[in-house]
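Here is a guided walk through a structure that may be new to you. Keep the view open and follow along.

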Protein chains: 2
Amino acid sequence: MLDRELKKGSAELLILSLVEDQPRHGYDIGTLIERRSKGTLRFNVASLYPLLYRLEKRGWIQGRWVEKAGQRRRRYYRLTAEGKKVLAAQRNSWREFVEAISRITGIEHA
Amino acid sequence: MLDRELKKGSAELLILSLVEDQPRHGYDIGTLIERRSKGTLRFNVASLYPLLYRLEKRGWIQGRWVEKAGQRRRRYYRLTAEGKKVLAAQRNSWREFVEAISRITGIEHA
DNA sequence: CAATAATATATCGCTATGCCACATATCGGT
DNA sequence: ACCGATATGTGGCATAGCGATATATTATTG
């Protein structure tokens, strides 16, 4: 119903936003989304990790393994230059999308 | 990533909202969504019609054939009592969803 | 110290969804 | 006669979501 990019947009938008300021690893991203949304949003690992691989393959994020004594290895993802552009575009798409739904359903947002 | 209801929510929400005030037929719903969203949202018929059948099967909308001379038969859908409840719930879910995304991505809405 | 929870990444396989492409039918305009 | 708009409908493919399951390490708690 919306163009392909927009539809996948909300999931991708969340991840790209979270790695914007600092590199984060998958598990961190998953728990952050759940906590910050107060439980409204939840990522299943079987969706989250494959999505991270897709984003990396597209060159929007770049991962690297970090191993520290006393903790399991983690793969930290940072936003690439290309990813920054995509994030900006997706933010606009999201705004447009929400406005469109508002116009049709009559829902107002705080 | 969101619960099943929420995810299908946006598509269902649009349809339920549009048949809230008056019965509408499928083609009308499709063109209305496209026009009111100024092209941002578009329903493919191969998604729209099956979705209408699903909503009717669940008892949220009720369709009836209307045949008038000088036009092709149309199936008009009206919102059922059950559908009204679902619509109210989905409006709340949608608001929650948008707020959650806003909190995580830092996007403000007009 | 043994069991359990939390952390962290990973994948199989089922189901549902989206949509391209195509099909059918009627009406109005050119 | 042809084409575009209106109107409904479907087969089949590609993809996404996710429950279930697996593996490995560290922290906690009885």
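Two strands count as paired if DSSP finds at least two bridges between them. Keep in mind throughout that the model is predicted.

Strand E1 (residues 24-25) of chain B pairs with E3(B) in the antiparallel sense, over two bridges. Strand E2 (residues 61-66) of chain B also pairs with E3(B). That pairing is antiparallel as well, and has six bridges. Put together, chain B has an open sheet of three strands, in the order E1-E3-E2. Its edge strands are E1 and E2 of chain B, each pairing on one side only.

What holds the strands of a sheet together in general? Strands pair through backbone hydrogen bonds, either parallel or antiparallel.

Now turn to chain A. Here too there is an open sheet of three strands, ordered E1-E3-E2, with antiparallel pairing. Strand E1 (24-25) and strand E2 (61-66) of chain A each have a single partner strand, so one side of each is left without a neighbour in the sheet. E1(A) and E3(A) run antiparallel and are joined by two bridges. In this pair, A:His25 has A:Tyr76 in E3(A) as its bridge partner.

Next, see how the two chains relate. Two copies of a chain are related by a rotation about an axis and a shift along it. What rotation superposes chain B on chain A? It is a rotation of 180°, with 0.0 Å of shift along its axis and an RMSD of 0.0 Å. That is the relation of a two-fold axis. The same surface serves both copies, as 100% of the contact residues of chain B recur in chain A. To find the axis from chain B, look for B:His109. Of the residues of chain B, B:His109 comes closest to the rotation axis, with its C-alpha at 3.4 Å.

The contact between the chains takes 30 residues from chain B and 31 residues from chain A. On the chain B side, H1, H2 and helix H4 (81-105) each give two or more residues. Which of them gives the most? H4(B) does, with eleven residues. By class, this side of chain B has 16 nonpolar, eight polar and six charged residues.

Look inside next. In soluble globular proteins, nonpolar side chains tend to be buried together. The largest nonpolar core here has 50 residues. Within that core, A:Ile15, A:Leu16, B:Ile15 and B:Leu16 touch the most other members. Take B:Leu16 and trace its contacts. Leaving out residues up to four places away in sequence, B:Leu16 touches B:Trp60, B:Leu79, B:Gly83, B:Val86, B:Leu87 and B:Gln90.

Then come the DNA strands. Around DNA strand C there are 23 residues. The closest are A:His25, A:Gly26, A:Tyr27, A:Ala46 and B:Ala46. The surface near DNA strand C has ten nonpolar, seven polar and six charged residues.

DNA strand D has 25 residues around it. A:Ala46, B:His25, B:Gly26, B:Tyr27 and B:Ala46 come nearest. Helix H1 (4-18) and helix H3 (45-57) of chain A each supply at least two residues here. So do helix H2 (26-36), helix H3 (45-57) and strand E3 (74-79) of chain B. The residues of this surface divide into eleven nonpolar, seven polar and seven charged.

Finish with a backbone detail. A:Lys38 has a positive phi of about 55°, although it is not a glycine. A:Lys38 lies in the loop between H2 and H3 of chain A. Is A:Lys38 buried or exposed? A:Lys38 is exposed, with 11 other C-beta atoms within 10 Å. In chain B, B:Lys38 has a positive phi of about 55° and is not a glycine either. B:Lys38 is found in the loop between H2 and H3 of chain B. With 11 C-beta neighbours inside 10 Å, B:Lys38 also counts as exposed.

Notes. Residues numbered from 1 in each chain as written. Chains lettered and ligands numbered in written order. Predicted model: local features only at pLDDT ≥ 70, side-chain atom pairs only at ≥ 80, totals over all residues. Core = buried A, V, L, I, M, F, W, Y, C linked by C-beta atoms within 7 Å. Buried ≥ 20, exposed ≤ 12 C-beta atoms within 10 Å, placed from the backbone. Contact = placed C-beta atoms within 7 Å. Near = placed C-beta within 6 Å. Helix = DSSP H or I, 4+ residues; strand = E, 2+ residues; numbered from the N terminus. Nonpolar A, V, L, I, M, F, W, Y, C, P; charged D, E, K, R; others polar. Least-squares fit on C-alpha atoms with pLDDT ≥ 70 in both.
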